[in-house]
Amino acid sequence: MSVLTNLNNINKNIKAACAKVNRSAEDIKVIGVTKYVTIERAKELLDSGITDLGENRTEELIYKYEALDDRAKFHFIGTLQSRKVKDIINKVSSIHSLDRLSIAKQINNRTDKIIDCFIQVNISGEETKHGIEMDEVHNFIQQLAEYKKVRVVGLMTMAPDISDKNEIRTIFKQLAKLRDTISSENLEHAPCEYLSMGMSNDYEIAIEEGATHIRIGSKLVGN
Ligand SMILES: *Cc1c(COP(=O)(O)O)cnc(C)c1O
């Protein structure tokens, strides 16, 4: 399928999900996850109008950054090793996977810009999932105040790969509630307005539960 055909389908589904809960489709940012695909396919994505690209490995992000034109804005969505922060920090427009102070420290030391970050939260409690536990998020965000280059713009989570839609919905609801709590504190370094949640198999549920950034790979560009 062409990216444009896939995108048209996704846009239809986004509109329908938004209509269910009285939201505007304009409030949803689609991040096209290009981690599986070639430069040519990523170019097709840019031509379709999606210019926010998600990558989960530093080497691949750098490669795509060099190969694509400056329409592309990169979001780092994978596990980040602190020693690699310096390689990508001036190439990204946001990081969706902040979950350790060692990364915040590297961000702070390695760039002059303020970097928009999402805190990755492990809601399902699966050992294999990265992110910090729900009850540690508050404390973690407080500790981030000293890293002036880190701005906490929102929370991110990955739902487990299961077919139980209710369980997925419960996870998204919990992340939205946590976001509400944190944003209501009006912390200067953590406006925390956004929710990065929803992938190819669960983005409609995520939108119904308040997602502002959805990260779509396989159903948009293929895998
Ligand atoms: C791969 C990946 C995605 C996209 O997954 P699809 O199911 O292919 O849409 C989204 N978020 C993260 C963090 C990923 O690693």
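At 75% relative accessibility, N22 counts as exposed, where exposed means over 50% relative accessible area, buried means under 20%, and partly exposed covers the values in between, for a 1.4 Å probe and with protein chains only. This is a predicted model, in which local features need pLDDT of at least 70 and side-chain atom pairs count only at pLDDT 80 or more, whereas totals for chains, interfaces and linings use all residues. Residues are numbered from 1 along each chain as its sequence is written, and side-chain values use heavy atoms, with hydrogens and water left out.

**Backbone: positive phi in two loops**

- N22 has a positive phi of about 60° although it is not a glycine, and this residue lies in the loop between helix 1 (3-20) and strand 1 (29-33); helices (H or I, at least four residues) and strands (E, at least two) are DSSP runs, numbered from the N terminus.
- N186, which is likewise not a glycine, has a positive phi of about 50°, and its place is the loop that runs between helix 7 (165-183) and strand 8 (194-196).
- N186 counts as exposed because its relative accessible area is 67%.

**Salt bridges**

- The count comes to 17 salt bridges, each being a side-chain nitrogen of Lys or Arg within 4 Å of a carboxyl oxygen of Asp or Glu.
- R57 is joined to E59 by one of these salt bridges, with the closest N and O atoms 3.9 Å apart; R57 is partly exposed at 46% relative accessibility, and E59 is partly exposed with a relative accessible area of 40%.
- K86 and D87 meet through their side chains in a salt bridge of 3.9 Å, N to O, and here K86 is partly exposed at 41%, while D87 is partly exposed at 32%.
- R179 forms a salt bridge with D180 in which the closest N and O atoms are 3.0 Å apart; R179 counts as buried at 14% relative accessibility, whereas D180 is partly exposed, with a relative accessible area of 40%.

**Surface charge**

- E127, E133, D135 and E136 gather on the surface in a patch of negative charge.
- Such patches are made of residues with over 30% relative accessible area and no salt bridge, with like charges joined within 9 Å and nonpolar side chains (Val, Leu, Ile, Met, Phe, Trp, Tyr) within 5 Å; the accessible areas come from the Shrake-Rupley method with a 1.4 Å probe, and for residues only the protein chains shown count as cover.
- For charges, Lys and Arg count as positive and Asp and Glu as negative, while His and the chain ends are not counted; the place of a charge is taken as NZ of Lys, CZ of Arg, CG of Asp or CD of Glu.
- D135, one of the residues in this patch, is found in helix 6 (residues 134-143) and is exposed, with a relative accessible area of 68%.

**Aromatic pair**

- A search of the whole structure finds one aromatic pair, and it is tilted, because the rings of Y65 and F74 have their centres 6.0 Å apart and their planes at 50°.
- Rings of Phe, Tyr and Trp (its six-membered ring) pair if their centres lie within 6.5 Å, and planes under 30 degrees apart count as stacked, over 60 as edge-to-face and the rest as tilted.
- Within this pair, Y65 is partly exposed, with a relative accessible area of 35%, whereas F74 is buried, with a relative accessible area of 2%.

**Sequence separation and distance in space**

- I171 lies in helix 7 and counts as buried at 4% relative accessibility; I171 and F140 are 31 residues apart in sequence and, C-alpha to C-alpha, 20 Å apart in space.
- L98 belongs to strand 4 (residues 92-98) and is buried, at 0% relative accessibility; L98 and K73 are separated by 25 residues in sequence and by 18 Å in space, C-alpha to C-alpha.
- Y63 is placed in helix 3 (residues 58-67) and is partly exposed at 48% relative accessibility; Y63 and E208 are 145 residues apart in sequence, with 35 Å between them in space, C-alpha to C-alpha.
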